[in-house]
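Here's a quick tour of a protein model, written for someone new to reading structures. Keep the 3D view open and follow along.

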Amino acid sequence: MTVWDVIIVGAGPAGIFAALELCRKTPELSVLILDKGHDLETRKCPGRGIMGGCLKCDLCSITCGWGGAGAFSDGKLTLTNRFGGFLHEYLSQSGLLELIHYIDGIWLEFGATDRIFGTEKSAISELVRRAATAGLELIPAPIRHLGSDNSPKILNNMYEYLKPRVAVRMLSEVKQIIVHDNKVQGVILADGSEERCRYLIAAPGREGSSWFSEEAMRLQLTQEINPVDIGVRVEIPAVIADDITEKVWEPKIHYYSRAFDDLIRTFCVCPRGEVVIENTGGVVTVNGHSWSGYSTDNTNFALLVSKTFTQPFRKPITYGKYIASLANMLGGGVIVQRLGDLWEGRRSTEKRLAKSMVEPTLKEATPGDLTLVLPYRYIQNILEMLKALNNLMPGIWAKHTLLYGVEVKFYSARVKVSEDMSTEIEGLYAVGDGAGITRSLAQASVSGVLAARGISARG
Ligand SMILES: Cc1cc2nc3c(=O)[nH]c(=O)nc-3n(C[C@H](O)[C@H](O)[C@H](O)COP(=O)(O)OP(=O)(O)OC[C@H]3O[C@@H](n4cnc5c(N)ncnc54)[C@H](O)[C@@H]3O)c2cc1C
């Protein structure tokens, strides 16, 4: 049986960047990439554009396949060491920043646009000051916007580069990691076949996080609990936020609530974009996109409340899925509510929604009542932050503002790794969102590079 030097599980940014770096540093190593999803050409979401949206496919084409969740993501490369994952806990701040610039160079090489948002220092300082007067912390970060429509092209260029250099097998789900005497040996696939290797890089993304967490438990790897972020996606007339998004593109704003002292933060701001649905392990949640080729009259972003559970509860992902499934139960998918209806303590209806100044970009959302889904703590925190944001974006605290629920960010339990992403099992590396180490395209790419360099150094 062939023994591969390296098997990579998952063809998202973490897995792809690991493969690219291996090709550069040690081209003599044999590499096999396994992904349970389709290749880019055949990745199609059958629910897109139809009423009800998500068809809850067993194999979600939005998150699985070549490019991973990154393929149809908004493609915002956050060129900062301030957020996007936990890599700052393994590297120095300057070391992390250096690597972020390194991977940014590779994204550019494969076709990313050279335009970077958020570099005008004086304008940004003024925004930071305005935010601070409202009790908000605005964290500036330069961003390269790939665009949801451009990302697949870049990922395809990476595929074309890798194809003659490494073996790629799509529709190949890994079920089990084989370990003997605390040393990795290979994997067992869903069809029962086995592949052997000297090194294994697990890069299964959020989609494969439950699988990987179970494997980590079975293999007795140490795991830490990460927070779960639950909230809503806010949609407003773009003109309300243009002033900020034109300067920063992705304003990262943090707020600590008066009522609970919880952290609430903006996430994935999509200027003049669209609200979209996402299927996370069979649960329909909400997300956002903006395109480089066309724009809408609305801007959307998530407001997320971060919660880290303490003893005895150790299942933040199950909690997040449970909350999201309540919205699915009541609304058949995603629920949309006008802020004005929430204030009045009533559900939104088609009729009330039709009066809204903001026309929903997600047509499949059901008008409903988010207070029947989200616990009081979340609603209270979100309302407080929206009110504070009104000082920065006058007009957001208005009855027309739309809230879509539920948006959930599951951060997988974090497997214990060293700075080269090696785990407690010899030869096994864990990278990207699925290992709970990153939360972004940029940091996922960096984590893949780190694992590849670790392997290349060992040879
Ligand atoms: C709609 C959306 C918009 C986003 N927008 C942005 C953005 O603008 N900026 C940003 O920085 N981040 C964004 N993200 C997040 C970003 O896409 C992720 O952080 C990034 O893709 C993580 O990379 P990864 O390689 O760790 O995992 P993924 O990209 O999730 O890839 C994991 C791959 O592993 C495969 N897999 C899983 N389990 C198995 C298994 N058992 N066997 C074989 N294969 C398996 C999956 O099919 C998948 O292809 C967005 C995500 C979504 C869903």
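## Helix 3 meets helix 6

Helix 3 and helix 6 sit oblique to each other, because oblique is what's left once angles under 35 degrees are called roughly parallel, over 145 roughly antiparallel and 65 to 115 roughly perpendicular. Their axes cross at roughly 135 degrees and come within 10 Å. An axis here is a line fitted to C-alpha atoms, for helices over the stretch in contact, with angles running from 0 to 180 degrees between N-to-C directions. As for where to look, helix 3 covers residues 121–133 and helix 6 covers residues 238–248. Helices (H or I, at least four residues) and strands (E, at least two) are DSSP runs, numbered from the N terminus.

The crossing of this pair is left-handed, a label used if the near helix is turned anticlockwise from the far one by less than a right angle (clockwise gives right-handed). Helix 3 brings Ala 123, Ile 124 and Leu 127 to the contact, and helix 6 brings Ile 244, Lys 247 and Val 248. Two residues are in contact if their C-beta atoms, placed from the backbone, lie within 7 Å. Sorted by class, that's 5 nonpolar residues, no polar ones and 1 charged. Ala, Val, Leu, Ile, Met, Phe, Trp, Tyr, Cys and Pro count as nonpolar, Asp, Glu, Lys and Arg as charged, and the others, Gly among them, as polar.

## What kind of model this is

You're looking at a predicted model, where local features need pLDDT of at least 70 and side-chain atom pairs count only at pLDDT 80 or more, while totals for chains, interfaces and linings use all residues. Residue numbers start from 1 along each chain as its sequence is written.

## Helix 11 and its partners

Now find helix 11 (441–458). Its axis and that of helix 1 come within 7 Å and cross at roughly 40 degrees, so this pair is oblique too. The crossing is right-handed. Among the residues making the contact are Pro 13, Ala 14 and Gly 15 of helix 1 and Leu 441, Ala 444 and Ser 445 of helix 11. The contact has 12 nonpolar, 5 polar and 3 charged residues.

Helix 2 (residues 93–109) also meets helix 11: the axes come within 9 Å and cross at roughly 95 degrees, which means that helix 2 is roughly perpendicular to helix 11. Leu 99, Ile 100, Tyr 102 and Ile 103 of helix 2 touch Ala 442, Ser 445, Val 446 and Val 449 of helix 11. Here the count is 7 nonpolar, 1 polar and no charged residues.

## Two domains

How is the chain divided up? Domain 1 takes 3–53 + 60–112 + 150–224 + 414–458, and domain 2 takes 228–410; these bounds come from an automatic or database domain assignment. Their C-alpha centres lie 29 Å apart. The contact between them uses 13 residues from domain 1 and 19 residues from domain 2. On the domain 1 side, strand 3 and helix 5 (209–218) each supply at least two residues.

## Around the ligand

Which residues come nearest to the ligand? Out of 42 around it, the answer is Gly 12, Gly 68, Gly 205, Gly 208 and Gly 432. A residue counts as near if its C-beta atom, placed from the backbone, lies within 6 Å. The shell has 15 nonpolar, 17 polar and 10 charged residues, and each domain gives at least three.

Gly 405 and Val 406 are joined by a cis peptide bond, with omega about 10 degrees. Val 406 lies in strand 20. Gln 220 isn't a glycine, yet its phi is positive, near 55 degrees.
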